[in-house]
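Look at the sequence and the 3D structure below.

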Amino acid sequence: MASEGDLGRKWDRCVADSAVKLGAGFGLGIVFSVIFFKRKTWPIAFGSGMGLGMAYSNCQHDFQSPYLLHGKFVK
Amino acid sequence: MAVRLLPAVKFLIKGGLAGAAVYVAYDQGLLGSGTEGAEALRKAQETLPPAIQQWTNYLGWEVRAAQLPSTPKFDFSLSTSWNKGVHTVMSALSVAPTRACEYTVEGWKYVKDLVK
């Protein structure tokens, strides 16, 4: 397995995870804004920011642990 | 008694809805590791176009193939696109001096022909 291919896969995983976390944070921010905070904007921004932060943390962990292999657990 | 209970019931319903939204997000792997997030995106890419197609059929919107373009495929790899871009730029830079010489010679020949 070529290392540059592995790096490319990590970047792809990072971008995909960022998109998912941003979307989830945005969605949950809308839910909380509508339910609790009288349709204010700041929970949406807060949720999106949290999602991006979580994605950044995951990416950082993935890039800094080069010897971890990602596998599937078969029960 | 009922008037005093109503705000508490409203709060419980709201809390339940918010909690359910958070639980669904967690259960689908949207709040987990990077691998789970990528897997969730891949599952969404596979299920979304057929689901849209099913809904349009269910609502009775008969769309002819010519009117609506086919659902776009989201097979996008950032690393492949980046590598392709780097390769293209480097290839262009490597042939740039040769091409510049060729264009200069052609341009000089054209000017000479004009002057004749």
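## Terms and ground rules

A residue is buried when its relative accessible area is under 20%, exposed when it is over 50%, and partly exposed in between (1.4 Å probe, protein chains only). Helices (H or I, at least four residues) and strands (E, at least two) are DSSP runs, numbered from the N terminus.

This is a predicted model: local features need pLDDT of at least 70, side-chain atom pairs count only at pLDDT 80 or more, and totals for chains, interfaces and linings use all residues. Residues are numbered from 1 along each chain as its sequence is written, chains are lettered from A and ligands numbered from 1 in the order in which they are written, and side-chain values use heavy atoms, with hydrogens and water left out.

## Helix α1 of chain B

Start with α1(B). Its buried residues are B:Ala18, B:Ala21 and B:Ala25.

What follows α1(B)? The next feature is B:Gly29, and its phi is positive, near 80°.

## Where the chains meet

Contact means heavy atoms within 4.5 Å. By that rule, 20 residues of chain B touch 17 residues of chain A. Buried area is the accessible area (1.4 Å probe) that two parts lose on being put together, summed over both. Between chain B and chain A it is about 1600 Å², and carbon and sulfur atoms give 76% of it.

Which elements of chain B give two or more residues to the side that touches chain A? They are α1 (2-27), α2 (34-58) and α3 (78-115). The largest share, eight residues, comes from α1(B). By class, this side of chain B has eleven nonpolar, eight polar and one charged residues. Here Ala, Val, Leu, Ile, Met, Phe, Trp, Tyr, Cys and Pro count as nonpolar, Asp, Glu, Lys and Arg as charged, and the others, Gly among them, as polar.

## Salt bridges

A salt bridge is a side-chain nitrogen of Lys or Arg within 4 Å of a carboxyl oxygen of Asp or Glu. Between chain B and chain A the count is zero.

In chain A, the side chains of A:Arg13 and A:Asp62 form one, at 3.1 Å from N to O. This pair links distant parts of the chain, 49 residues apart: A:Arg13 sits in helix α1 (residues 3-35) and A:Asp62 in helix α2 (residues 42-64). Are these two buried or exposed? A:Arg13 is buried, at 16% relative accessibility. A:Asp62 is buried too, at 14%.

## A network in chain B

B:Glu39, B:Arg42 and B:Glu46 are linked in a network of salt bridges. B:Glu39 meets B:Arg42 at 2.4 Å, N to O. B:Arg42 also pairs with B:Glu46, with the closest N and O atoms 2.5 Å apart.

Why can B:Glu39 and B:Arg42 be about one helical turn apart? They are three residues apart in helix α2 of chain B. B:Arg42 and B:Glu46 are four residues apart in that helix, which is also about one helical turn. B:Glu39 is partly exposed at 29%, B:Arg42 at 36% and B:Glu46 at 48%.
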